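Dear colleague,

I am passing on the structure we spoke about, and below it you will find my notes on what came out of the analysis. Please read them with the structure open beside you.

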Amino acid sequence: MSSDRVGVQSRIKVVAPLAIYTHCNSHVLNLSIASACKIPSIRNMIDVINEVFLFYNSSPKRQRFFEHILEALGSESSKRKLRGLCQTRWVERHTCYETFYELYFYVCCCCEAIINPSVYAEKHVQDGWDWYSDTKVKAQGFFACFEICPAHHCIFSSEKWS
């Protein structure tokens, strides 16, 4: 945080006492763009992307399983982890969206494997991947959201699904 007693502002005031303090223009722009998105389906999609990131990031077991699915399905991506959304740096959000777009097929497969391990049992899911019911419910919610959300279909549809 900035104040008139510490940081760059106080140093500038020592050299130039008549200097006027303004907030960082990049930060103001980022906050303006972030609050400008009023389209509900896009706002919901952004929330889902962040929730999916938190779902995998908050559990080492789920993250390892996601990496296992990437390996088992032969992902050519060098990315092995989803990225979180930066709340204040809109410009940096593109890396989060790019990563999610690149791994979208595998995120869906991973959710499906958590929900119904028998579908992937023959070659992808090994013993030891037991899931609590709340994990299955969250994965099922994400998977259902991916199927019905129109913004996801427009932005993340891929030739891998066809």
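The largest nonpolar core holds 36 residues, and within it Val52, Tyr56, Val107 and Phe146 have the most contacts. Helices H3, H4, H5 and H7 (133–148) each supply at least two residues of this core, and the largest share, 14 residues, comes from H5. Please bear in mind throughout that this is a predicted model.

Taking one of those residues, Val107 touches Val52, Tyr56, Phe66, Leu82 and Phe146, when residues up to four places away in sequence are left out of the count. As a general background, nonpolar side chains tend to be buried together in soluble globular proteins.

As for the overall architecture, the chain has eight helices and zero strands. Of its 162 residues, 34% are buried, and among contacts between residues at least 6 apart in sequence, 71% join residues at least 24 apart. The chain exposes about 10400 Å², of which carbon and sulfur atoms supply 57%.

Helix H3 (residues 40–57) deserves a separate word. With 18 residues at 1.5 Å a residue, H3 should span 26 Å, and its end C-alpha atoms are 25 Å apart, which agrees. The buried residues of H3 are Met45, Ile46, Val48, Ile49, Asn50, Val52, Phe53, Phe55 and Tyr56.

Turning to charged side chains, the structure holds one salt bridge. Glu102 forms this salt bridge with Lys79, and the closest N and O atoms of the pair are 3.1 Å apart. Because Glu102 lies in helix H5 (residues 93–115) and Lys79 in the loop between helix H4 (60–72) and H5, the pair ties together parts that are 23 residues apart in sequence. Glu102 counts as partly exposed, since its relative accessibility is 31%, and Lys79 is likewise partly exposed, with a relative accessible area of 27%.

Which charged residue is buried yet has no salt bridge? That residue is Arg62, which is found in helix H4. The nearest side chain of opposite charge to Arg62 is Asp134, which is 6.0 Å away, whereas a salt bridge would need a side-chain nitrogen within 4 Å of a carboxyl oxygen. Leaving aside residues up to four places away in sequence, Arg62 touches Phe55, Tyr56, Trp131 and Thr135. Of these, Phe55 and Tyr56 are among the buried residues of H3 listed above, and Tyr56 is also one of the residues with the most contacts inside the largest nonpolar core.

With best regards

Technical notes:
Residues are numbered from 1 along each chain as its sequence is written. This is a predicted model: local features need pLDDT of at least 70, side-chain atom pairs count only at pLDDT 80 or more; totals for chains, interfaces and linings use all residues. Side-chain values use heavy atoms; hydrogens and water are left out. Helices (H or I, at least four residues) and strands (E, at least two) are DSSP runs, numbered from the N terminus. The expected span of a helix is 1.5 Å times one less than its number of residues. Buried means under 20% relative accessible area, exposed over 50%, partly exposed in between (1.4 Å probe, protein chains only). Lys and Arg count as positive and Asp and Glu as negative; His and the chain ends are not counted. Contact means heavy atoms within 4.5 Å. A nonpolar core is a set of buried Ala, Val, Leu, Ile, Met, Phe, Trp, Tyr and Cys residues joined through side-chain atoms within 4.5 Å. Accessible areas come from the Shrake-Rupley method with a 1.4 Å probe; for residues, only the protein chains shown count as cover.
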